[in-house]
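Please examine the model shown below alongside this note. The points that follow take up a few local features in turn.

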Amino acid sequence: MKNSCKLSDAIEGSLEDYFKHLDGQPPHAIYDMVLGCVEKPMLEFILNKVGGNQSKAAEMLGLNRNTLRKKMAQYGLS
């Protein structure tokens with residue numbers, strides 16, 4: 001998939017930038033940081049695409065609707 005390569009490149013570039021600007025501080029919670037940076041905008045985009053229909057969004061994302069709702073609450077999405 002061509003688009004997934006672009007996404008991987010963007011994440012890799014962002015991680016390189018993150019490590020470059022640590023100023024001697026140890027890296028911390030990188031997994032949660034990356035997930036938060038990617039997951040929230042992805043959820044927002046898909047929810048907007050389907051007009052807020054959680055069932056359709058969950059189907060597109062390959063998630064259970066309850067899982068989607070938990071993630072929406074986690075990121076303060078309504």
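1. This model is predicted, and the structure holds 1 salt bridge. The pair consists of Lys71 and Glu39, whose closest N and O atoms lie 2.7 Å apart. Side chains of opposite charge can pair when their charged atoms come close.

2. Is Glu39 buried or exposed? Its relative accessible area is 13%, and because buried means under 20%, Glu39 counts as buried.

3. Helix α4 spans residues 65-74. At the start of this helix, a side-chain oxygen of Asn64 comes to within 2.7 Å of the backbone nitrogen of Asn66. Just after α4, Gly76 adopts a positive phi of about 70°.

4. The loop between α1 and α2 deserves attention. Asp23 lies in this loop, and α1 covers residues 2-20. Although Asp23 is not a glycine, its phi is positive, at about 50°. Asp23 has a relative accessible area of 72% and is therefore exposed, the cut-off being over 50%.

5. With a relative accessible area of 40%, Ala29 is partly exposed.

Notes. Residues are numbered from 1 along each chain as its sequence is written. This is a predicted model: local features need pLDDT of at least 70, side-chain atom pairs count only at pLDDT 80 or more; totals for chains, interfaces and linings use all residues. Side-chain values use heavy atoms; hydrogens and water are left out. A polar contact is a pair of N or O atoms within 3.5 Å; within protein, one must be able to donate a hydrogen and the other to accept it, and residues adjacent in sequence count only if both atoms are side-chain atoms. Helices (H or I, at least four residues) and strands (E, at least two) are DSSP runs, numbered from the N terminus. A salt bridge is a side-chain nitrogen of Lys or Arg within 4 Å of a carboxyl oxygen of Asp or Glu. Buried means under 20% relative accessible area, exposed over 50%, partly exposed in between (1.4 Å probe, protein chains only).
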